[in-house]
Amino acid sequence: MSILIVYNQWGMVEGEHVLDKERFTLGRKSSNDIFLPHAAVSSEHALIITISNDSFLEDLDSTNGVRVNNLLVKKCVLQDGDEIKIGKYLLKYSYEELPLSANGAKNDSDRLVEPDTVVVKRSALKDMARNELDLATTHRMPDESGSQLLSPAPVCGVKAGIRMLSGPGAGKELGLEKMLTTIGKPGLQVAVITRRSKGYFLTHIEGGNFPLLNGSPVGPHSRELKNRDVIELADIRMEFVLK
């Protein structure tokens with residue numbers, strides 16, 4: 001369970017929010033899920049997306065930016081104890097493991113979550129996939145603006161990439177060197193490839209239909225990728241390759 005505690009500029013607790021839904025917006029407008037009424041806060045300042053046990057913070061192109069543990073960020077993975085600074089507000093992120101049920105699974109609204117599996121919903125992480133082919137973009141750590149992706153999980157030592165098999169980028173290859181790489185077309189179909197300690201995993205993010213992996217829908221859970229696996233999404237076929 002993830003909790004966000006909001007402190008005002010005088011250090012007083014203004015609210016405690018359980019991140020029990022997929023998207024939480026933070027900003028100066030009262031329509032936000034977390035209302036931060038201060039002139040230094042943009043109307044829609046930031047977004048927190050919670051996918052199973054993971055929460056992701058994204059700056060929504062705010063005027064004054066977002067800091068996590070005193071580092072200016074654009075996107076980052078939140079971890080227990082992180083301190084988020086938005087305007088005059090300090091927000092503390094807390095995460096507690098869900099209790100185990102009788103069968104040993106975590107009790108997450110009666111969903112069974114396998115180890116290293118991320119459960120996602122279709123509307124998450126909109127507008128994250130864009131490059132010159134409009135097919136893939138990598139979250140940088142740090143990126144050109146100086147922003148950082150904080151506290152990455154350990155990653156595997158093997159190198160991998162995706163080779164475009166169809167579409168305008170056919171024959172080109174994208175290296176999977178970062179922890180998160182989104183692929184697809186915003187508004188149509190988007191997935192994310194995560195580099196973890198045990199390998200590379202494909203997760204559906206956005207779109208009415210699941211991407212296909214070797215001709216079969218990936219479903220709502222993460223799928224580990226194997227060498228020469230074929231991914232189909234957004235009318236594009238691509239091949240996962242280990243190097």
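**Reading the model**

Analyst: Begin with burial. Of the 243 residues in the protein, 47% are buried. Keep in mind that this is a predicted model.

User: Next, secondary structure. How many helices and strands are there?

Analyst: The protein has 22 strands and 0 helices.

User: How do I read contacts against sequence separation?

Analyst: Take contacts between residues at least 6 apart in sequence, then ask what share spans at least 24. In this protein that share is 47%.

User: Show me one case. How far apart are Met-164 and Met-238 in sequence and in space?

Analyst: They are 74 residues apart in sequence, yet their C-alpha atoms are 4.4 Å apart. Met-164 belongs to strand S13, residues 160–164. Met-164 has a relative accessible area of 5%, so this residue counts as buried.

User: Now aromatic pairs. How many does a search of the whole structure find?

Analyst: The search finds 1 aromatic pair. Its rings belong to Tyr-200 and Phe-240, with centres 5.6 Å apart and planes at 55°.

User: Why is that pair called tilted?

Analyst: Read the angle between the planes. Under 30 degrees is stacked and over 60 is edge-to-face; the rest are tilted. The planes here are at 55°, so the pair is tilted.

User: Which parts of the protein does the pair tie together?

Analyst: Tyr-200 is in strand S17 (residues 199–206), and Phe-240 is in strand S22 (residues 236–242). The pair therefore ties together parts that are 40 residues apart in sequence.

User: Are these two residues buried or exposed?

Analyst: Tyr-200 is buried at 3% relative accessibility. Phe-240 is buried too, at 0%.

User: What about charges over rings?

Analyst: Look for a charged end above a ring face. Lys-92 places its charged end over the ring of Tyr-7, 5.3 Å from the ring centre. Lys-21 lies over the face of Phe-24, 5.2 Å from the centre of that ring.

User: Last, a loop residue. Where is Asn-8 found, and is Asn-8 buried or exposed?

Analyst: Asn-8 sits in the loop between strand S1 (2–7) and strand S2 (13–18). Its relative accessibility is 11%, and the cut-off for buried is under 20%. So Asn-8 counts as buried.

User: Which residues does Asn-8 contact, leaving aside neighbours within four places in sequence?

Analyst: Asn-8 is in contact with Glu-14, Lys-88 and Tyr-89.

Key. Residues numbered from 1 in each chain as written. Predicted model: local features only at pLDDT ≥ 70, side-chain atom pairs only at ≥ 80, totals over all residues. Heavy atoms only, no water. Phe/Tyr/Trp six-rings, centres within 6.5 Å; stacked < 30°, edge-to-face > 60°. Helix = DSSP H or I, 4+ residues; strand = E, 2+ residues; numbered from the N terminus. Buried < 20%, exposed > 50% of the residue type's maximum accessible area, 1.4 Å probe, protein only. Lys NZ or Arg CZ within 6 Å of the ring centre and 35° of its normal. Contact = heavy atoms within 4.5 Å.
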